[in-house]
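I would ask you to keep the structure in view while I speak.

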Amino acid sequence: MRRAQNVKGWLFCTPALAAMALVTAYPILDAVRLSLYRYDLRHAAPPDFIGIGNYFSVLSSEVWWQALGNTLLITTISVFFELVLGFALALLMHKAVFGRRTVRSAALVPYAIITVVAALAWKFAFDPTTGFVNSLLGVDRAWLNERWSAFGVIILSEIWKTTPFMALLLLAGLSLIPDDVLRAARVDGASALQRFRLITLPLMKPSILVALLFRTLDAFRIFDSVYVLTRGAHGTESVSVIGYNTLIARLNLGLGSAVSVLIFLCTLAIALLFTKSFGTPLLRTGR
Amino acid sequence: MRIRFAGMDGFLGALGSLLVVTYALLPVIWIISLSLKPGRELGNARFFPDTLSLEHYRTVFNDPQFPAALLNSVGIASIATGLSITIAIFAAYAIVRLDFRGKHWIFYGTLAVAMFPPISVVGPLFELWRTLRLFDTWPGLILPYLSFTLPLAIWTLTAFFREIPWDLERAARVDGATPSQAFRLVILPLVAPGIVASAILVFIFAWNDFLFAASLTSTDRARTVPVAIAFFTGSSQFELPTGSIAAASVVVTIPIIALVLMFQRRIIAGLTAGAVKG
Amino acid sequence: MGVYRLRAGRFFQVNKWPARISSRCSIALLRLLFLLSLGLPVWSCRNPEPVGPPHLTWYVFDEPSGAFREAARRCTEFAKDRYRIDVVSLPADADQQREQLTRRLAAGDESIDIIGMDVIWTAEFAEAGWIREWPMRSTRRASAGRFPITVQTATYKNVFWATPFTTNVQLLWYRTDRVPTPPDTWDEMIDSAEKLGRNGRIQVQGERYEGLTVLFVSLLASAGGTVLDAGGQQVSLEPEPTRKALQVMKRLATSPAADPGLSTSREDQARLAFETGNSAFMLNYTFVWPSARQNAPDVAANMGWARWPAVLPGRPSRVTVGGIDLAVSTYSRYPELAFNAAECLASRDNQRIAAQRGGLPPTVSALYNDPAVRRRLPFADVLRAALNDAVERPQTPLYADVSLAISRTLHPMRDIEPDRDTTRLRKAVQRALRSEGLL
């Protein structure tokens with residue numbers, strides 16, 4: 001019986017596993033291979049094996065380090081605000097008596113919108129000629145032409161788009177907290193703040209960590225909004241933009257693959273860091 | 001005292017709800033109003049249009065680029081959704097219903113794939129598609145889309161399947177239903193909403209993709225909506241295509257929002273289920 | 001699972017739809033999706049092969065006056081059913097144009113026939129095998145009467161690849177009411193701008209992009225240097241001229257006459273700033289003239305033009321040439337017709353139309369005597385003189401990388417240290433030539 005289940009189980013999972021391996025594992029291995037060659041489609045010359053030369057080029061380039069810094073900056077700031085705002089939103093959705101359905105529906109809207117479209121909406125909003133932001137604030141400013149304000153707009157569009165998702169994840173966690181515990185604490189005279197700090201937060205730790213991990217990894221690969229808002233100009237490139245520019249805009253497949261592999265390793269490192277330092281009991285599948 | 005608190009809470013809650021709704025809808029309303037401004041008003045920096053005009057919608061649909069991209073997007077995203085949901089149903093069923101060794105391992109694998117940065121595979125795929133002549137074709141996008149649609153589908157379906165009282169099927173059989181009746185009348189109505197919600201989520205993800213579509217397509221043959229909008233050159237020669245971009249954005253946004261609002265409840269369940277299941 | 005149930009029960013009890021309707025809806029939608037996914041592949045197998053004469057597709061940047069479409073229309077008419085030319089507009093930004101084209105060409109896209117190729121792409125496109133050699137027998141026709149420098153941009157490794165269509169060089173634009181005679185050298189210009197004080201700003205392109213490379217290459221050439229050696233394989237960047245060019249950039253950027261927005265200024269920002277009236281000098285292309293006449297008539301009334309200032313006294317400036325050449329894609333299904341069409345598009349008449357309507361300077365030098373062209377380009381003589389002395393940007397398949405290396409190293413201009421950056425620049429360009437520069 002158990003044996004039969006084993007066979008059947010794997011049989012059912014094979015198509016999924018095979019498909020995922022085909023479109024991720026195989027290409028990433030191929031990227032590792034390509035990254036060891038000097039291979040530029042702009043030369044008719046065949047690929048030339050150069051070992052880790054491409055990695056040396058990338059790691060010794062200030063461009064890579066600046067992009068990595070930018071990406072980490074965007075990731076940290078946007079994930080921080082998403083967590084805070086997301087928590088507030090989750091509490092609101094948890095408490096709301098009126099219009100609960102409306103709030104939830106509204107919260108799903110940013111999530112459902114194409115990232116490119118959202119980024120374009122912000123771009124037009126902050127544009128000095130078409131936008132309303134300048135006249136609203138009474139300033140005259142080319143937001144996207146200056147490094148820090150451009151970062152501001154990028155981060156804003158990122159926060160806008162993903163805070164609701166964060167809130168929904170946290171809401172799911174909030175709903176796991178038994179009401180009677182909170183009520184008991186209230187009867188015992190705990191203030192709202194104390195209840196939040198001593199009961200809600202610890203009980204929510206797992207959901208918070210999962211939400212953080214998801215969003216951090218997702219923010220780290222940020223591409224669409226940066227590409228639409230600045231195309232990486234004014235020192236706002238993210239690592240994915242660098243990868244795209246090298247691979248697709250300049251067709252330098254060798255060097256670009258080295259960038260891709262490094263981005264992949266960064267993602268792995270972030271995931272490991274999270275699981276090692278916090279432990280993520282939630283990712284268990286056990287029933 | 002209690003009543004006053006409740007009133008206060010209610011007021012704050014209503015205020016908060018209003019804030020949330022404004023926050024969520026602001027860019028949407030902005031892009032809608034931009035799309036309705038006539039060309040000469042685009043530069044007036046006002047939030048709402050003074051006069052309404054449908055000229056940008058006409059422009060967008062008269063330009064060959066956009067309808068082609070719309071067709072490509074609908075086609076590619078639907079096929080990718082259908083394919084990944086079909087494959088995922090089997091995997092999710094196995095994970096929920098069958099007890100076999102290495103199950104956790106499969107789940108971890110799926111999780112890892114979900115976190116995968118797409119930029120890491122774009123280069124080799126570009127190279128491979130060039131040689132396989134899959135560049136700028138529908139399959140050339142559908143296949144890479146599986147890398148993120150499959151994990152999502154497996155995930156949400158697993159969560160939905162966990163909720164289903166599978167024993168009902170046996171009960172129906174005991175009551176005299178044939179296997180096909182039991183499946184059709186008992187199980188299908190139970191799983192269908194979950195499948196549809198997962199399908200919508202997956203569809204949104206495929207619909208949203210920009211990186212793969214920007215890298216692996218080049219013409220109206222397979223270019224999808226996000227890329228078409230981002231690279232819009234405009235068909236009118238005298239104006240910035242701002243208005244056309246806005247109109248195109250509205251056209252691709254409204255149906256998705258409608259769909260999401262219709263299945264709001266299920267989608268939220270699907271979205272959050274992956275994360276929380278002790 | 002228990003937990004999940006609990007949550008589901010607590011949270012989703014506010015279900016306004018009865019469960020049965022919801023699931024019936026879902027099943028219907030499921031069927032629809034299934035049918036769609038079956039039907040669409042069949043639908044997508046449509047094959048839109050138009051009947052009639054072959055359609056040649058011309059990819060070229062979006063020209064707002066419609067001169068390019070007019071040229072395509074005229075040539076289609078002229079071809080009398082041998083072919084039709086369809087214009088496909090590329091984005092306005094040159095980097096984006098290149099990105100879209102190269103991606104298609106790298107994938108062997110057959111839908112491109114004629115390419116409106118920026119003069120800096122010749123080496124890259126030729127080396128990658130994306131464009132066809134121009135047929136020997138019509139080379140003479142395709143280059144006849146053109147400025148030698150424009151023919152040079154279309155030539156790579158002694159092979160002629162494209163027919164020169166339009167060209168462009170920067171001129172010095174100045175305020176005749178504030179500066180009686182245009183300055184001869186950069187130092188003179190900065191001196192006189194500083195003397196003018198508040199109304200003496202100088203507008204140049206200082207953003208980190210192609211325009212900054214153009215500025216540097218023009219300064220370097222005017223100082224007697226080149227970026228690469230004649231073969232295009234090795235870095236040249238002679239120390240003396242390079243240092244001189246960097247000194248000029250540094251002096252300009254740290255001068256009170258520099259625009260505060262210098263580090264983000266492109267051609268268009270420079271134009272807009274000049275039109276506000278507080279600038280005395282601007283280095284820019286000829287499009288600024290019609291624009292100023294339309295947007296700022298009082299500025300235009302006092303607007304003079306001259307050749308770019310020299311770097312070394314007594315040695316005329318040499319500026320970089322721009323513009324587009326028309327090439328034929330390797331993957332075109334109708335190469336013979338495409339060469340024919342390209343030749344027609346770049347003909348003298350069509351160049352005249354492009355000049356008259358769009359203000360695009362022709363590559364055929366005789367047109368600078370044409371009254372209609374001179375009406376539209378009153379600075380035709382200065383333009384011709386500048387074109388006769390113009391230089392091209394480094395011809396290498398890795399030009400895009402080389403240019404990025406230059407603009408990245410020299411941005412922002414105020415932080416340039418001429419001695420240190422002469423070395424840094426050399427290193428950066430070297431890396432780019434080895435396709436190592438991740439830029």
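Predicted model: local features only at pLDDT ≥ 70, side-chain atom pairs only at ≥ 80, totals over all residues.

Let me begin with helix α7 of chain B, residues 167-174: is this helix buried, or does it lie in the open? Of its eight residues, the number that count as buried is zero, so helix α7 of chain B lies largely in the open. After α7(B) comes B:Gly176, whose phi is positive, near 105 degrees.

Staying with chain B, the domain assignment divides the chain into domain 1, residues 1-53, and domain 2, residues 59-273. The centres of these two domains, taken over C-alpha atoms, are separated by 30 Å. Between them, eight residues of domain 1 of chain B are in contact with eight residues of domain 2 of chain B. On the side of domain 1 of chain B that touches domain 2 of chain B, there are five nonpolar residues, two polar residues and one charged residue.

Chain B also meets chain A. How many residues of each chain are in contact? The count is 80 residues from chain B and 86 residues from chain A. Which element supplies the largest share of the side of chain B that touches chain A? That is helix α1 of chain B, residues 2-36, with 14 residues. Sorted by class, the side of chain B that touches chain A holds 58 nonpolar, 17 polar and five charged residues.

I turn now to chain A itself. Chain A contains twelve helices and two strands. The C-alpha trace of chain A spans about 75 × 75 × 30 Å along its principal axes. Of the 287 residues in chain A, 51% count as buried. Among contacts in chain A between residues at least 6 apart in sequence, 70% join residues at least 24 apart.

Helix α12 of chain A, residues 253-278, has 26 residues. From its first C-alpha to its last, α12(A) reaches 37 Å, close to the 38 Å expected at 1.5 Å a residue. Among the buried residues of α12(A) are A:Leu253, A:Gly254, A:Val261, A:Ile263 and A:Thr267.

Chain C is the next topic. The secondary structure of chain C comes to 19 helices and eleven strands, and 52% of its 439 residues count as buried. Of the contacts in chain C with a separation of 6 or more, 74% are between residues 24 or more positions apart.

In what order do the strands of the open sheet in chain C run? The five strands follow the order β2-β1-β3-β11-β6, and the pairing is mixed. At the edges are β2, residues 84-90, and β6, residues 163-168, of chain C, each of which pairs on one side only. From one strand to the next, the twist averages 20 degrees. Within this sheet, β3 of chain C, residues 114-118, pairs with β11 of chain C, residues 322-328, in the antiparallel sense over five bridges. C:Ile114, for instance, has C:Val328 in β11(C) as its bridge partner. Helix α4 of chain C, residues 94-106, lies across β1, β2 and β3 of chain C, and runs at about 140 degrees to β3(C).

Chain C, too, is assigned two domains: domain 1 covers 55-167 + 322-388, and domain 2 covers 171-320 + 398-433. Their centres, taken over C-alpha atoms, are 27 Å apart. The contact takes 14 residues from domain 1 of chain C and 14 residues from domain 2 of chain C. On the domain 1 side of this contact in chain C, α17(C) gives the most, with four residues. The residues of that side divide into ten nonpolar, two polar and two charged.

Why does C:Pro362 count as buried? It has 31 other C-beta atoms within 10 Å, and the cut-off for a buried residue is 20 or more. The C-alpha atoms of C:Pro362 and C:Thr166 are separated by 4.8 Å, although the two residues are 196 residues apart along the chain. C:Pro362 touches C:Thr166 and several other residues, including C:Gln351, C:Leu367 and C:Val373.

Technical notes: Residues numbered from 1 in each chain as written. Chains lettered and ligands numbered in written order. Domains from an automatic or database assignment. Contact = placed C-beta atoms within 7 Å. Nonpolar A, V, L, I, M, F, W, Y, C, P; charged D, E, K, R; others polar. Pairing = 2+ DSSP bridges. Axes fitted to C-alpha atoms, helices over the stretch in contact; angles between N-to-C directions. Buried ≥ 20, exposed ≤ 12 C-beta atoms within 10 Å, placed from the backbone. Expected span 1.5 Å × (residues − 1). Lists of a residue's contacts leave out its neighbours within four places in sequence.
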